[in-house]
Amino acid sequence: MLTLLIASLLIQTPQTSDGYLYRTLLVRAAPGELLSLIELFQKQMPAFDEARETRPFMMRHSQGDQWDLLLLYPMHSFHDYYSSERSVRRGRAARSVGPSAAELGAELDRLVAWQEELYVAGPPLDTVTAAFANASYFHVEMFIALPGMRKRLLEQRQMENAYLKAIDRPQNLIFTRVAGAAWDLYTIGFYRDIRHFAASADVPADREDAAARAAGFESADRIGTYLRSLIHSHHDTLARQIQ
């Protein structure tokens, strides 16, 4: 049944050349419990090491959307992640390191006010690991496309990356929906700090326009309006990394 469900969802997913699978978890803490929730997630990290799994990447909302934390869990693929070997390793690690499954569930129930899960196809793990290693500040943009516009939305994000490259700005990593919540795709921009994020304001207007036209846009000031023509909704968030 799970295999059939995944297959049906994949048919509806924007196509991308990147195919490494990640689980995205968005959570909002119960009032006054954010630091306790962060500590609970951090206590789980040794279990990932014990199971020889890559630790999830974790960031904390600074301003923007309603979530407090975004966790990105590398999986590789459904088949690989739920293979007997990896499942047994995770089970053993969970029993020997950190909170038990029952304890963890009870604590999450107490500390989490809202949560959302999304499985996404994204860049290779090495690319994502390197991006997080060299950044501590993030711009997360999440999109739901208008009907029939999912492919064009993906193309727009790729065009925008070409534009960013041409003006020597960090390109976004693109993650497309496989299963879970309603978001069709989201992107993460990686920056050293807020000053690095804001530095795009220093690019001359004529250089921006030339880069935008080369990427396929009418002009730099039409990048946003073209994006708006493709989407039903758009949430963006600034966030900081949690080690």
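I counted the secondary structure of the chain first: 10 helices and 8 strands. Helices (H or I, at least four residues) and strands (E, at least two) are DSSP runs, numbered from the N terminus.

I then looked up the radius of gyration, which is 19 Å, close to the 18 Å that the globule rule gives for 243 residues, so the chain is as compact as a globular protein of that length. The radius is taken over C-alpha atoms, and the rule is 2.2 Å times the number of residues to the power 0.38.

I note that this is a predicted model, where local features need pLDDT of at least 70 and side-chain atom pairs count only at pLDDT 80 or more, while totals for chains, interfaces and linings use all residues. Residues are numbered from 1 along each chain as its sequence is written, and side-chain values use heavy atoms, with hydrogens and water left out.

I checked burial: 48% of the 243 residues are buried (under 20% relative accessible area, 1.4 Å probe, protein chains only).

I turned to contacts (heavy atoms within 4.5 Å). Of those between residues at least 6 apart in sequence, 79% join residues at least 24 apart.

I looked for pockets last. A pocket is an open set of points on a 1 Å grid over the protein atoms alone, where a 1.4 Å probe fits, with protein on both sides within 12 Å along at least five of seven lines; lining residues have an atom within 4 Å of a point. The largest pocket holds about 650 Å³, a volume being the space filled by probe spheres set on the points. Its lining has 28 residues, and Gln44, Phe48, Tyr81, Ala94 and Leu104 are the closest to its centre.

Terms used: Buried < 20%, exposed > 50% of the residue type's maximum accessible area, 1.4 Å probe, protein only.
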